[in-house]
Amino acid sequence: ITVAPAKSNITHPPCSLQLKAIALGVACAAGIHPLQVAAQNETAVIEELVVWGRSLQLLGSADSASQGVVGYADFSTRPLARVGELVEVVPGMIATQHSGPGKANQYFLRGFNLDHGSDFSTFFDGMPVNFRTHAHAQGYMDLNFIIPEIIERVDFKKGPYSANTGDFSLAGTSSMKTYDTLERGFVEVTVGSGDEIRVVVANSFSTEQGSLLYALEHQQTNGMFVLDQDVRKYNGLLKYTGEIGGIPSQLTLTAYDSEWVSTNQVPQRAVASRQIDRFGFIDPDLGGQSHRYSLSGRFELGEWDLTAYASAYYMSLINNPTYVLNDPINGDEFEQEDERLLFGGSLLRKGAFDFLGLQAASLVGAEVRYDDVQELNLFNTRSRLRYDSVREDDAQELSLSAYAESEFMISEKLRLTTGLRVDYIRFDVEALRPQNSGSDNDALLQPKFGLAYRLADSLEFYANYGHGFHSNDVRAAVNRIDPVTGEDTEAQDILVEGRGGEIGFRYDNLRGFNVTLTAFELATDSELVFVGDAGTTEPSEPTRRSGVELNAFYSINDRLVIDFSAARASGHFRGLPNGENSITDAHENVAAAGLSYVGTQGITASLRVRYFGDAALTEDESVMKEDSTLVNAGVSYAFGAWEMGIDALNLFDAEDDDIAYFFESRLPGELEAVEDIHFHPSNPRIIRAMLRYSF
C-alpha cells in the first residue's frame, strides 16, 4: 500500500512510503491520535492516493481558524519563480522582490508590509531563519539557503495567539520541516530563459542507527533584466535521522553560498523619458554576496524535546536608491556588511492532566538565543570600493523566553486555551562613534487566550486573543547621535508590543472539501523602519489593522484539486488625522487560486493565479501603486525512471510591478531632487524546461 506523491513540473523527491507510516505522520500533524489511525488501517482499502496537506482534518485539533498545514503535494505542483515564494503556500502571504535574487524577499500579509521579515517568522527544522539587528533590515528572513524539493511540510499560524511563538511573529509564523528519507534518489536539470541552469541531486540511505539524506543544488542565471544578474548559488544539505547514544535524534547540516548582481527599483521618470528600458538600471555596481552555514538538531529526551542550533552567516550588499541626491560628486552608493554567529535552543514538554474534573493538555517550554554580530557595518562606496565609514559596529544580543499553555476540555464540544509567555532581552553595542555605544535590557509578558466550539462533526468556531511583539534593532535603543548628520537622536524601545484578536470558523465535510473564514484585528505600538543609507531607525505612529480572510480547498476527485484564498485588510496609523493616516505599502486586497491535476498516466499539470491589490504609497493616498495579476502554469510527464516538464511563469507576459515606493531621488544630470515612484518590474514571461532521472 503506497501513497503516491504529486508529480511536479518543478521538482519533487519520489516519496512513496508505507500507508501506515504516512497515515501516522499525517495524523500527528493533524492532531489525531495514532491509535485511531491504526484501528482504521485494519480495514483500509489498498489503493494509490495523493495526500494533500490542506485536506488534513484539523477539526478538534487546531487552535484557530487561521492555523494550517501544507504538505509537499500542495506546493510541489506549483511553478516557483524563486525559493522565497515557498511562503506563499501560507494563504494570504505574498513574496516579492525589489532587488537581486540573492537578497531576502519583500513579504506581505494581513495588511502588513513585512519588509524582509519584521513581523513574520520562519523556522527551518527548528532553527529560526530571521536575524535580529541586521545590517540591512530588522528581522531579515532570507530563504535562499533552502532547497524546496527537500521540504516535506509547512505548518503555519497567524496572529499572536500561541505561547510558543515569539519574536517577529505578530502577523504570523511558519515552520518548515525537511524529509527524513526519500524513497528514491533523483537528479534533476532545469534550463530556462535568461541563461538559467539549475541542477539538484538528492538521495537517502540507511545506516546502522538510522538514515542519512543529502541534497545538493547549483543555480546560475543572468536573469531577464538589461544588466546580467550573474547569479552563482550553491546549496547543500545533510540530514541524519536515528539514534545517537540511544537517544532518538535528528541532525541537519546546511551550507549556502551565493553572489549576484542587482537591478534595484528604478525611477518611473527615467523609463517614461526613455533614458532606460523598463528592465534597465541606473547604477551598474549593485549586488552582493552571502553565505550561511548551519547545524541544527532535535533530540527526544523522555518527555522533553530538545532543539539546538548554531549558524555562521555573512552578507555584503551594495545599494544606491537615491543615486546622487546626497553626494553629486561621489554618488550615494553604499555597502551594508553583516557577519555573525547565532546560537540557541529550546526545551519543550507536552503532557496531560486533570483540572477540577476537566481533561487538560499542557505545553511548557523555554528558549535561549544568542546573536553575536561581529560586523554591523555601513560604508560609502564608489564603484563598489569603500571610501568612507558611516557605521562600524558590533552587537551581542541574548534572549531568554519561557512559556506555558494549557488546553481544557470544558465539554465535549468546547475547548479553552490559556497561555502566558515572557521574553527577556539583554544586549550590548560597541559603535564606531562611542556616543552610540551602550547596553540595556527589557522584558515583556504576553497573555494568550483561545476558544474552540465544535458545533457539529464538520463545523468548528474559534475566538482568539493575544499579545505579541517584535524586537527592534538594538542600536536604536542606545543611539544618541545620527551617524550621518551628527544631530541628536531619541532612543527607541527594544521590544514593541502588539495586541490582536480574531474570530472565525472551519468547515470540513470530511470528503475533500474544507473552508475557513476569519475576521481579525491587530494593533501595534509602533513600526520602526530601518533607513539603510543612514544607518538609523525611524519610528512610526501606532497602527491598527483589521480584515477578513477566506480560504478554501476542494478535492474534486482523486486526481484534481482546486484551492482558493482571498483577504482584505484595512490599516491606518492611530493618532493621525483622517486622510493622512494610511499605512504606506499596505496592500489591502490579495487573492490566489490554483488548479492541480495528477493523472494516472504520468501527467501532472498546474495553473495558478495570484492577484496583488493596489496600495497607497503616501499617507494621504495621493500616490498609489497599481494592482497586479500574475498567472503561472506548468505540465510534466513521467515515464519509467524519467520525467520531463515545462513551466511558464507570468504566462501572459503581464507588465506588472513586483514592488513600488515613492521617495525623493536625483539622477545624474538632474539639477535638483525629484519625488517619484521607484518600481521593480515583475519578470517578463519565463519558460523553463526540466528533465529528471530517479534512481
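## Charges over rings

Arg-110 sits over the face of Phe-520, 4.2 Å from the ring centre. Keep in mind that this is a predicted model. A second case of this kind is Arg-692, which lies over the face of Phe-186 at 3.9 Å from the ring centre.

## Aromatic pairs

Searching the whole structure turns up 12 aromatic pairs. One of them is Phe-108 with Phe-612: the ring centres are 5.1 Å apart and the planes meet at 65 degrees, so this pair is edge-to-face. Phe-108 belongs to strand β5 (residues 106-109) and Phe-612 to strand β32, so the contact ties together parts that are 504 residues apart in sequence.

Tyr-637 and Phe-639 pair up in another way. Their ring centres lie 5.4 Å apart with the planes at 20 degrees, and since planes under 30 degrees apart count as stacked, so does this pair. Tyr-637 is partly exposed, at 34% relative accessibility, and Phe-639 is partly exposed too, at 33%. Elsewhere, Phe-353, Phe-355 and Phe-408 come together as one aromatic cluster.

## Salt bridges

The salt-bridge count comes to 42. Take Lys-158 and Glu-549, whose closest N and O atoms are 3.2 Å apart. This bridge links distant parts of the chain, with Lys-158 in strand β9 (residues 151-158) and Glu-549 in strand β29, 391 residues apart. Both Lys-158 and Glu-549 are buried.

Glu-460 and Arg-415 form another bridge, with 2.9 Å between the closest N and O atoms. Here too distant parts of the chain are linked: Glu-460 is in strand β24 (residues 459-471) and Arg-415 in strand β22 (residues 414-430), 45 residues apart. Glu-460 and Arg-415 are both buried. Arg-340 bridges to Asp-338, the closest N and O atoms being 2.8 Å apart, and both of these residues are buried as well. There is also a salt-bridge network, which links Asp-125, Glu-152, Lys-177, Asp-180 and Lys-239.

## The largest cavity

Rolling a probe the size of a water molecule over the atoms shows where empty space is left. In this model there are 9 cavities of 30 Å³ or more, and the largest has a volume of about 760 Å³. Which residues lie nearest its centre? Out of 48 lining residues, those are Arg-78, Glu-88, Val-89, Ala-592 and Arg-608.

Elements giving two or more residues to this lining include β3 (68-71), β25 (495-508), β26 (513-524), β29 (543-555), β30 (560-573), β31 (589-598), β32 (603-612) and β35 (628-639). By class, the lining of the largest cavity splits into 24 nonpolar, 12 polar and 12 charged residues.

## The second largest cavity

The second largest cavity contains about 660 Å³ of space. Its lining is made up of 40 residues, with Ala-81, Arg-82, Glu-196, Gln-219 and Arg-688 nearest the centre. At least two lining residues come from each of β11 (186-192), β12 (196-206), β13 (210-221), β14 (231-244), β38 (674-681) and β39 (686-694).

How many lining residues of the second largest cavity are nonpolar, polar and charged? By class, there are 12 nonpolar, 17 polar and 11 charged residues.

Note on methods: Residues numbered from 1 in each chain as written. Predicted model: local features only at pLDDT ≥ 70, side-chain atom pairs only at ≥ 80, totals over all residues. Heavy atoms only, no water. 1 Å grid on protein atoms, 1.4 Å probe; cavity = no way out; pocket = protein on both sides within 12 Å on 5 of 7 lines; lining within 4 Å. Points joined across faces, edges and corners; volume = space filled by probe spheres on them. Helix = DSSP H or I, 4+ residues; strand = E, 2+ residues; numbered from the N terminus. Nonpolar A, V, L, I, M, F, W, Y, C, P; charged D, E, K, R; others polar. Phe/Tyr/Trp six-rings, centres within 6.5 Å; stacked < 30°, edge-to-face > 60°. Buried < 20%, exposed > 50% of the residue type's maximum accessible area, 1.4 Å probe, protein only. Lys NZ or Arg CZ within 6 Å of the ring centre and 35° of its normal. Salt bridge = Lys/Arg side-chain N within 4 Å of Asp/Glu carboxyl O.
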